[in-house]
Amino acid sequence: MQVSLDDLQEWERCLEALQTEETTEWPAGGRSAWVEVVPDDPVEVTVHDSPSTQIVVRVPIDVGSE
């Protein structure tokens, strides 16, 4: 997976979306592997492999309270 400057700027927008509790996916376009983050309780992070393997790993993360 290659990451470009545009991808990093998109990641920054994703982090901003997560701060407002919006679900986000990165990188966009589905060209390779991507990450989906659902800011719920617990936070759910799903990693999707490329369309060829169709492997998906979902991990709930308890971030606790501040």
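**Exercise 1. The chain as a whole**

Among contacts between residues at least 6 apart in sequence, what percentage join residues at least 24 apart? Then describe the fold in outline.

*Solution.* The share is 7%. Contact means heavy atoms within 4.5 Å. This is a predicted model: local features need pLDDT of at least 70, side-chain atom pairs count only at pLDDT 80 or more, and totals for chains, interfaces and linings use all residues. Residues are numbered from 1 along each chain as its sequence is written, and side-chain values use heavy atoms, without hydrogens or water.

Next, the elements. The chain has one helix and four strands, in the order α-β-β-β-β. Helices (H or I, at least four residues) and strands (E, at least two) are DSSP runs, numbered from the N terminus.

Last, the overall figures. The C-alpha trace spans about 35 × 25 × 15 Å along its principal axes. Of the 66 residues, 23% count as buried. Buried means under 20% relative accessible area, exposed over 50%, and partly exposed in between (1.4 Å probe, protein chains only).

**Exercise 2. Strand pairing**

Trace the partners of strand 2, residues 34-38.

*Solution.* Start with strand 1, residues 24-26. It pairs with strand 2 in the antiparallel sense over three bridges. Two strands pair if DSSP finds at least two bridges between them. Thr 24 stands opposite Val 37 of strand 2.

Now take strand 3, residues 43-48. Five bridges join it to strand 2, again antiparallel. Val 37 stands opposite Val 45 here. A hairpin of four residues links strand 2 to strand 3.

**Exercise 3. A buried charge**

Is Glu 36 buried or exposed? Find its surroundings.

*Solution.* Glu 36 lies in strand 2. It is buried, yet has no salt bridge. A salt bridge needs a side-chain nitrogen of Lys or Arg within 4 Å of a carboxyl oxygen of Asp or Glu. The nearest side chain of opposite charge is Arg 58, 5.2 Å away. For charge, Lys and Arg count as positive and Asp and Glu as negative; His and the chain ends are not counted.

Leaving aside neighbours within four places in sequence, Glu 36 contacts Thr 23, Thr 24, Glu 25, Glu 44, Val 45, Thr 46 and His 48.

**Exercise 4. A nonpolar patch**

Which residues make the nonpolar surface patch of about 480 Å²?

*Solution.* They are Val 47, Ile 55, Val 57, Val 59, Ile 61 and Val 63. Strand 4, residues 56-61, gives the largest share, three residues. Ile 61 lies in strand 4. It is partly exposed, with a relative accessible area of 35%. Patch residues have over 30% relative accessible area and no salt bridge; nonpolar side chains (Val, Leu, Ile, Met, Phe, Trp, Tyr) are joined within 5 Å, like charges within 9 Å. Areas come from the Shrake-Rupley method with a 1.4 Å probe; for residues, only the protein chains shown count as cover.
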